[in-house]
Amino acid sequence: MKKEILGAKAPGKECTDQKCPFHGQINVKNELFKGTVVKKDINHSATIEWSRQHYVPKFERYEVRRSRMRVHNPACIDANIGQTVLVAKTRPISKTKNHVIIKIIEAEESKGTKK
Ligand SMILES: [Zn+2]
């Protein structure tokens, strides 16, 4: 078991997930993304989203563009919808997943409405 990955401490819980970066057999690469969880599935998957500003010269204004990514949500971290998470690149886990959540950064005000 690893105690720390790229500055993210191991969560208090243990898990038996083989695709967990702390308790499983997976190595992460130093390529980090930050996003908010917008979708959560029962099979340890989640979708994160983040927005960026893109300048439109014709109107001299910014438009908001969004990026989405399918990520692995290990059982010991178990991020919920609305939480901001730190994600690291890893080997391909499934057809659409190449990244894994390593840390929950903060919970937004929607914490009271969790399912
Ligand atoms: Zn784990």
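From the N terminus on, the elements of the chain follow the order β-β-β-β-β-β-β, that is, seven strands and zero helices. Helices (H or I, at least four residues) and strands (E, at least two) are DSSP runs, numbered from the N terminus. The structure is a predicted model, in which local features need pLDDT of at least 70 and side-chain atom pairs count only at pLDDT 80 or more, while totals for chains, interfaces and linings use all residues. Residues are numbered from 1 along each chain as its sequence is written.

Taken along the principal axes, the C-alpha atoms of the chain fill a box of roughly 55 × 35 × 25 Å. Of the 115 residues, 24% count as buried. A residue is buried if 20 or more other C-beta atoms lie within 10 Å of its own, exposed if 12 or fewer, and partly exposed in between, with C-beta atoms placed from the backbone. Two residues are in contact if their C-beta atoms, placed from the backbone, lie within 7 Å. Among contacts between residues at least 6 apart in sequence, 57% join residues at least 24 apart.

Strand pairing was assigned where DSSP finds at least two bridges between two strands. Strands S4 and S5 run antiparallel and are joined by twelve bridges; within this pair, Thr-47 stands opposite Arg-70 in S5. The hairpin of S4 and S5 has four residues between the strands, and Glu-60 in this hairpin takes a positive phi near 50°. S3 and S6 pair in the antiparallel sense over seven bridges, and the bridge partner of Gly-35 in S6 is Val-85. S3 also pairs with S4, in the antiparallel sense and over five bridges. In S4, Ile-48 is the bridge partner of Val-37.

The largest nonpolar core holds 13 residues, of which Val-87, Val-100 and Ile-101 touch the most other members. At least two residues of this core come from each of strand S3 (28-41), strand S4 (45-56), strand S6 (83-90) and strand S7 (99-107). A nonpolar core is here a set of buried Ala, Val, Leu, Ile, Met, Phe, Trp, Tyr and Cys residues joined through C-beta atoms within 7 Å. In soluble globular proteins, nonpolar side chains tend to be buried together. Leaving aside neighbours within four places in sequence, the contacts of Ile-101 are Ala-46, Val-71, His-72, Asn-73, Pro-74, Ile-77, Ala-79, Val-85 and Val-87.

Leu-86 is found in strand S6. This residue counts as partly exposed because 18 other C-beta atoms lie within 10 Å. Not counting residues up to four places away in sequence, Leu-86 touches Ala-8, Leu-32, Lys-34, Ile-102, Lys-103 and Ile-105. The C-alpha atoms of Leu-86 and Ile-104 are 6.3 Å apart, with a separation of 18 residues in sequence.

Most residues other than glycine have a negative phi. His-44 is not a glycine, yet has a positive phi of about 60°. This residue is placed in the loop between S3 and S4, a hairpin with three residues between the strands. His-44 is buried, since 21 other C-beta atoms lie within 10 Å. Asp-78, also a residue other than glycine, has a positive phi near 50°. Asp-78 is found in the loop between strand S5 (61-72) and S6 and counts as partly exposed, with 16 C-beta neighbours inside 10 Å.

Two residues of the loop between strand S2 (8-9) and S3 were also examined, Asp-17 and Ala-10. Asp-17 counts as buried, with 20 C-beta neighbours inside 10 Å. Asp-17 is in contact with His-23, Gly-24, His-44, Pro-74 and Ala-75, leaving aside its neighbours within four places in sequence. From Asp-17 to Ala-75 the C-alpha distance is 6.7 Å, although 58 residues separate the two in sequence. Ala-10 has 19 C-beta neighbours inside 10 Å and therefore counts as partly exposed. Beyond residues up to four places away in sequence, Ala-10 touches Lys-2, Lys-3, Glu-4 and Phe-22. The C-alpha atoms of Ala-10 and Cys-76 are separated by 9.0 Å, the two residues being 66 apart along the chain.
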